[in-house]
Structure formats: C-alpha cells, structure tokens
Amino acid sequence: MLALPPAPSAPARRQVFVGTALAVAASTTLLGGMLATWLQFRADAPLRESAKRGLIRDWMPEKIVVPEVAANMMVIGLCVVCIMAQWAVYSAKRVDRTHAGLAFGLTAMFGLMVVNAQVFIWTQMGVAVNDGAFHTMFYAITGTMTLLMVAGIVFTAVAAFRFLGGRTKELEVVSASALYWYFLTAAFTAVWFVVYVQK
Amino acid sequence: MWITSADHKQVGRLYAGTGLVGLLAGLVLAVLVAFERIDAEGYQLLDTDSATQVLSAARLLLTFGAVAPLLLGLAVAVVPLQLGARALALPRLAAGGYWMWLTGLGLAVASIVANGGPGGGSSDMVDLYLLGTIVMSTGLVMTATSVATSVLTTRAPGMGLLRAPLFAWSSLIGSVTLLLALPVFIGTSIYLYVDHKYARAAFGGNTGVSDWAGWALSQPFTYLLAIPALGMVLDIVPVMGRTKLAQRSAAYVALGIVSIATLATVTQTMVTLPWEGDTFFANAGEKIADLLPWGLLTVVPLLGVLGVLGTSALTLKNGKPRVAAPLVFALHGLLTILLGVAANVLGSIEDAGLRGSIFEAGTYVAITFGSVTVAFGALCFWGPKLWGRRISDKAALPLGLLALLATALGSIPYMIAGFADQPAGALDGFSYSGPQELWNTLTTAGFALMLLTSLGFIALAAKSFISGESAGDDPWDGQTLEWATSSPPPADNFSDLVVVGSATPLSDLKSASNGKDA
C-alpha cells in the first residue's frame with residue numbers, strides 16, 4: 001500500500017463548538033418557521049373592534065391577560081444567564097474551579113427560573129389548549145421554546161460535570177454551552193416580542 | 001455490539017441497509033397505487049380512502065425511508081474516510097440520529113397502516129403519524145449535523161475545503177441545507193400535532209396535514225436530498241474516466257448553487273409568465289422583477305445540475321473511460337435527476353396549468369429514482385470500503401440499464417398525463433380511459449421494473465456481502481484518501497494521520513511513485 005507523508009500532530013478540533021453552532025442554525029429555522037406561521041395566522045385573522053385599541057385583528061381573545069411582568073422577567077433572566085455562562089467560560093479558561101462551579105450553578109439556576117416563569121405564565125393565563133387557533137399555537141410555540149431551554153440546562157449540567165470532574169482542558173464544551181445560551185436569549189427575545197408584546 | 005456501535009462505518013451500513021428495505025417497501029406501495037390509476041373507476045385492490053393513505057405511505061417511504069437514509073448513510077460511512085479522519089465527528093449523535101429516524105419512520109408507517117397519516121380516519125393514528133414525522137426528522141437532523149461537523153473539522157492536514165473530495169463537499173452542502181430545511185418541517189408538524197390533538201381549529205384537521213406539511217414530500221425539497229448524489233457522480237466519474245476531474249472549481253460552484261433550492265422548499269415558488277402578446281414589453285421592469293424569485297429558486301438549481309453534467313462529460317471526454325457499473329448507474333441517475341429538475345422548472349409555471357396535476361408526481365419520480373440509481377452506483381463503487389468485497393460488475397451492469405428504462409417509464413408518462421389534467425392526489429373523479437390508460441399502464445410497468453431492479457441489486461449486494469470476491473484496498477485505482485486504507489478499513493480508519501497536498505492526493509502519490517520507478 002502506498003503511504004502518504006505522515007502529519008506531525010493531530011489538527012486542532014472544535015467539533016462540539018461547530019456541532020453546537022450547526023444545531024443553533026437548525027433551531028433558528030425551527031423557531032423562525034414557527035414564528036412565521038404565527039405571523040401569517042395573525043395577519044390572516046379577521047378584523048374586530050377593540051374597546052381599548054380600536055380596529056384590531058381578531059387573533060388573541062380579548063379575555064386573555066398576558067402576565068407581562070413574568071414574560072419581561074424571562075428576557076431579563078436570559079440576559080443574566082448569558083453573563084453567567086460567559087463567566088463560566090472565563091473561569092474555565094483560567095482553570096478557576098471555584099468560580100467556574102459558581103458560574104455553572106448560577107447559569108442552571110437562572111435557566112430554571114426562566115422555565116419556572118414560563119410555567120407561571122401558562123398557569124396565570126388560564127388558556128385551555130383546546131379553545132381555538134391562538135391557544136394551540138401559543139402552547140406549541142412556547143412549549144417548543146421551553147423544551148429548547150430545558151436542553152440548555154442539561155447542556156450546562158453536562159459541561160459543568162465534565163469540567164468539575166477534572167476535564168479542565170476541554171473548554172470547548174463550556175464555550176459551546178455559552179453559545180447555546182446566547183442563541184436561546186436571541187430566540188426568546190423574538191418569541192417574546194411577537195407572542196407577548198405584539199400579541 | 002452493532003446495536004450500540006458509534007463506528008461510522010457501522011452506522012452508515014445500518015442507514016444504507018435500512019434504506020434499501022425502505023426502498024422495496026415504498027416501491028411495492030408505489031406499484032400498487034400506479035396499478036389502481038390504470039382504471040380508477042373501479043378500484044381493484046384499494047378503496048378511495050386507503051388509496052390516498054397508500055399514496056402517502058409510498059411517498060414517505062421513498063423520500064424519508066429510502067433516498068434520505070441511503071445518501072446520508074453513504075455519507076456517514078464514506079466521508080470520514082475521504083477526509084483522512086479516524087472517526088466521524090460527534091459519532092454518538094449520528095448513531096442516536098439513526099435510531100431516532102428508524103423509530104420515527106416506524107411510528108409513521110405503523111400509523112398509516114392503522115388508518116392514520118394524511119387524510120387518515122383514526123384520530124389517534126393521525127397524531128401518531130405527526131409524532132413519528134417529528135421524531136424521524138429530528139433523527140435525520142442529528143445525523144446531518146454530525147456529517148457537516150465532520151467535513152468542517154476533521155479534514156486531514158493540508159486538505160482545505162476546496163481540496164475536499166466532491167462527495168464530501170456535497171455532503172456538507174446537503175447536510176447543512178437539510179438541517180436548515182427540516183426544522184421548518186418539524187416546527188410545522190409540532191403545530192399540526194398540537195392543533196390536531198387538542199382543537200382542530202387552525203390547520204384543517206386531517207386534511208390539513210398534506211396542505212401544511214406535504215412540501216417535504218415534494219419538489220424542491222427532494223433536490224436537497226439529491227445534492228449528495230450529485231457529489232457521488234463527481235467522485236465516481238474521474239476514477240472511472242481514469243483522469244482528473246475537469247473544471248473542478250466549476251463543480252464546487254455547481255453543487256453549491258443547487259442548494260439555493262433550500263430557500264424555495266417552503267414557499268414552492270410559482271410564476272405567471274408575462275406572455276401577453278403585443279403588450280409583452282409593457283412594464284418590462286415589473287415583469288422581470290416578478291420572474292426573479294422563480295428564476296433564482298427554480299432555474300438556478302437546474303443550472304447547477306447542468307454544471308455537474310457538463311463537468312462529468314468533459315472529464316469523460318478527457319479520459320479513457322471504462323464501462324463499469326458505478327459509472328453506468330451514476331450517469332443514468334444524473335440524467336434522470338436532470339430530467340426531474342428541468343421538469344420542475346416547467347411545472348412551476350402557473351400558465352402551464354400543471355399545478356395539482358400528476359406532472360408533479362412524474363417530476364418526483366425522476367428525482368427520487370435518479371437519486372436511488374446514483375446510490376446504487378455508489379454502493380458498487382464504495383462497497384469494498386463498506387464490507388470489503390466487490391459487487392459483481394458484470395451482473396450489476398444490466399441493472400444500470402434497467403434502472404434508466406424504469407425511471408423513464410415511471411416518470412415521463414406521468415408528465416404527459418399531467419398535460420391532460422390527471423390529478424396528483426385523489427384517484428377518483430377523473431376519466432382514465434383512452435390515452436390516459438396507456439400512460440398509467442406504462443408508469444405501472446416503470447415502477448414494477450424499478451422494483452425488479454432494486455430487488456436484483458439488493459440480491460447482488462447481499463451476495464457480495466456474504467461471499468463476494470475480495471476487493472483489495474484500491475480496486476478502482478482511486479484518487480482520494482479512502483483508497484489509501486484497507487478494505488474494509490480498521491476501526492480507526494488510518495494508522496497515521498497524513499498530510500494532503502492536493503485534491504487528489506492518492507493520484508499524486510501514484511504518479512510520483514511511477515516516476516521514481518521509471
């Protein structure tokens with residue numbers, strides 16, 4: 001068999017980071033497609049007279065009250081998660097296990113807070129999933145977003161266990177989990193604006 | 001253990017093997033529906049409802065149960081070898097993707113059998129179908145992510161993206177376009193699932209499934225699945241032509257521009273041509289602006305496929321081609337993909353009046369059968385690297401000719417019948433007598449011939465797998481890195497990492513070695 005010249009060393013690999021970036025691209029089209037469908041349905045809804053806002057699209061039933069404080073807190077919470085995730089990357093690069101551990105813990109905690117806020121919104125809105133088009137689509141899109149957030153928490157937990165378990169040179173997973181939280185923040189901001197602000 | 005293995009060759013074999021089973025199942029159902037179309041006024045084997053469901057199942061199996069796993073499986077198995085990598089990137093993701101895809105496909109098919117699927121009568125089974133398609137598509141996205149990451153991160157030192165083999169390049173493009181397009185399908189299916197299960201208020205219940213998610217079983221989504229097939233052709237042709245690929249840069253561009261179809265997968269752009277007699281040139285600017293999206297999303301991919309054909313033809317002209325099964329399958333597959341993509345340009349012109357007609361099915365058949373034919377060629381070509389033995393070239397060659405005939409018969413008569421307004425979906429409500437009967441008979445014969453070809457090919461592949469002639473490490477006098485390792489390769493593919501200095505490293509090495517000997 002002919003032999004090609006051997007390479008001096010293995011090339012640098014960023015497989016997890018690149019894979020996460022591709023997963024982020026896929027998740028962006030997932031949510032982008034869902035938001036586009038939502039906007040299409042809202043644009044196609046018939047017009048109706050609203051006591052507060054005049055002539056509006058008959059999309060979200062008037063009796064539904066969105067807990068806006070909780071929705072706003074979700075956006076703020078996700079911004080905080082990004083800072084914590086980046087702090088974890090910063091500490092991991094310096095092999096500062098104490099601060100990295102703290103940052104991972106806070107990332108997961110704020111992530112859980114955001115999921116909790118979503119559950120709070122579902123219970124406070126009192127919307128039954130079988131009440132109409134708005135209702136099913138509301139649960140579908142916010143449910144998908146919540147699943148992606150739970151995946152983010154699991155991802156952070158995996159990164160934390162790997163780093164704190166002694167694999168301190170494998171920083172890629174830590175940066176990849178931070179990248180995923182940046183994506184979640186941007187994605188939720190879009191969902192928040194379309195679903196909770198514009199309604 | 002093979003069931004838990006994350007070895008890319010094993011995962012690739014599983015994908016390709018299951019894809020062949022899916023192909024047989026899909027073809028059996030396609031023959032059944034085509035047979036019913038010969039005389040739909042009196043159903044022979046099916047009734048009105050089950051005919052629609054069998055049609056859905058055939059499309060699902062051919063698209064997601066055959067073409068997608070065959071091409072993705074070959075990418076999983078072969079691309080790391082072409083890149084000089086010791087393993088696939090994120091191998092457990094790829095293996096997990098396979099099992100998710102298989103579970104989802106199984107659920108979707110089982111639901112159709114139990115009166116579910118698009119237009120199904122059982123509400124729970126329609127829900128199960130939607131759930132199955134979500135799981136199945138997620139599995140494919142996972143594997144596509146793994147393949148794309150491999151091409152981006154595991155290339156041998158010195159192998160820039162423009163030195164990557166064309167199949168690896170097309171797998172990157174195909175995987176990225178899949179992981180951009182399939183999530184839109186997943187999102188739509190999530191909406192459909194929640195709406196169908198709880199309210200049926202937004203998406204039209206059972207009938208809405210086809211309206212909202214049917215695009216994933218039609219053009220131009222099928223183009224995305226065919227992109228790796230075009231790359232396979234571009235890797236097979238120079239080896240069989242015993243020369244280097246002509247206009248290599250053009251080939252990279254040609255593959256890239258086919259992916260433009262990604263943008264059209266959801267919208268399925270239609271156009272009304274400004275043919276208005278004397279007023280043709282009035283408001284020319286506006287008319288050109290109207291034509292631009294159609295031109296970009298429908299005509300440009302055709303130019304890409306033509307580019308692949310041109311590069312292949314030029315390469316064969318420059319070389320000394322040997323007539324072998326991989327080349328015959330690859331060229332026939334390429335020609336039929338070209339037929340399908342060209343037909344879709346015509347089909348997307350509103351004025352042609354082909355929308356909703358069986359013409360679309362003819363286009364679908366050409367692209368799907370074309371992709372499968374190329375995959376057969378790829379299995380003949382890379383079989384030695386997958387299981388260490390060769391598929392008999394003598395026995396496979398006639399099947400290559402049969403595949404061309406099958407595709408021509410399976411697609412062209414449907415295209416002709418489309419001009420007579422034969423509907424695409426429902427079988428009843430249309431007179432099938434006269435010439436229509438002939439077109440539908442020919443199509444049925446084409447499908448049956450493709451089934452026969454596939455059965456013959458699978459028998460040959462199975463014989464080769466069990467007791468075929470040992471292939472040797474480089475049976476085709478290859479040009480790229482996969483031929484530099486043993487057949488089948490060891491667990492970690494290559495004993496040493498190698499440095500690559502060109503797009504055809506093995507050819508260069510052979511030339512240098514021959515020079516020294518001389």
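**Figure 1. The buried face of helix α8 in chain B.** In helix α8 of chain B, which runs over residues 248-258, the residues Ala251(B), Tyr252(B), Ala254(B), Leu255(B) and Val258(B) are buried, a residue being buried if 20 or more other C-beta atoms, placed from the backbone, lie within 10 Å of its own, exposed if 12 or fewer do, and partly exposed in between. Because the buried residues of α8(B) fall within an arc of 160° when seen down the helix axis, they line one face of the helix; the arc is that of the directions from the helix axis to the C-beta atoms. An α-helix has 3.6 residues a turn, so residues three or four places apart point the same way. What covers the buried residues of α8(B) includes α5, α7 (221-241) and α9 (284-318) of chain B. Helices (H or I, at least four residues) and strands (E, at least two) are DSSP runs, numbered from the N terminus. This is a predicted model, in which local features need pLDDT of at least 70 and side-chain atom pairs count only at pLDDT 80 or more, while totals for chains, interfaces and linings use all residues. Residues are numbered from 1 along each chain as its sequence is written, and chains are lettered from A and ligands numbered from 1 in the order in which they are written.

**Figure 2. The largest nonpolar core and Val233(B).** The largest nonpolar core has 238 residues, and those with the most contacts inside this core are Val233(B) and Leu255(B); a nonpolar core is a set of buried Ala, Val, Leu, Ile, Met, Phe, Trp, Tyr and Cys residues joined through C-beta atoms within 7 Å. Helix α2 of chain B, at residues 48-83, supplies the largest share of this core, with 23 residues. Leaving aside its neighbours within four places in sequence, Val233(B) is in contact with Val308(B), Ser312(B), Ala330(B), Leu334(B) and Val374(B), where two residues are in contact if their C-beta atoms, placed from the backbone, lie within 7 Å.

**Figure 3. A buried arginine in a loop of chain B.** Arg155(B) is found in the loop between α4 (123-153) and α5 (166-198) of chain B, and Arg155(B) counts as buried because it has 22 C-beta neighbours inside 10 Å. Which residues does Arg155(B) contact, leaving aside its neighbours within four places in sequence? They are Leu83(B) and Ala164(B). The C-alpha atoms of Arg155(B) and Leu83(B) are separated by 4.8 Å, although the two residues are 72 residues apart along the chain.

Figure 4. Most residues other than glycine have a negative phi, and most peptide bonds are trans. A cis peptide bond with omega of about 0° joins Gln219(B) and Pro220(B), and Pro220(B) is placed in the loop between α6 (205-213) and α7 of chain B. The peptide bond from Ser487(B) to Pro488(B) is also cis, with omega near -5°, and the place of Pro488(B) is in the loop between α13 (435-467) and α14 (505-517) of chain B. Arg200(B), in the loop between α5 and α6 of chain B, has a positive phi of about 55° although it is not a glycine, and Arg200(B) counts as partly exposed because it has 16 C-beta neighbours inside 10 Å. Arg242(B), found in the loop between α7 and α8 of chain B, has a positive phi near 55°, and with 16 C-beta neighbours inside 10 Å, Arg242(B) counts as partly exposed.

**Figure 5. The contact between chain A and chain B.** The contact takes 35 residues from chain A and 37 residues from chain B. On the side of chain A that touches chain B, the elements that give two or more residues are α1 (15-44) and α4 (133-164) of chain A, and α1(A) gives the most, with 14 residues. The residues of this side of chain A divide into 21 nonpolar, 11 polar and 3 charged, where Ala, Val, Leu, Ile, Met, Phe, Trp, Tyr, Cys and Pro count as nonpolar, Asp, Glu, Lys and Arg as charged, and the others, Gly among them, as polar.

**Figure 6. Helical spans of chain A.** Chain A has 5 helices and 2 strands, which follow the pattern α-β-β-α-α-α-α along the sequence. UniProt, in an unreviewed entry, places the feature "transmembrane region" at spans of chain A including residues 69-90 and 102-125; such annotations may be inferred rather than shown by experiment. Residues 69-90 of chain A are 100% helix and 0% strand, with end C-alpha atoms 31 Å apart, and over residues 102-125 of chain A the chain is 100% helix and 0% strand, with end C-alpha atoms 34 Å apart.
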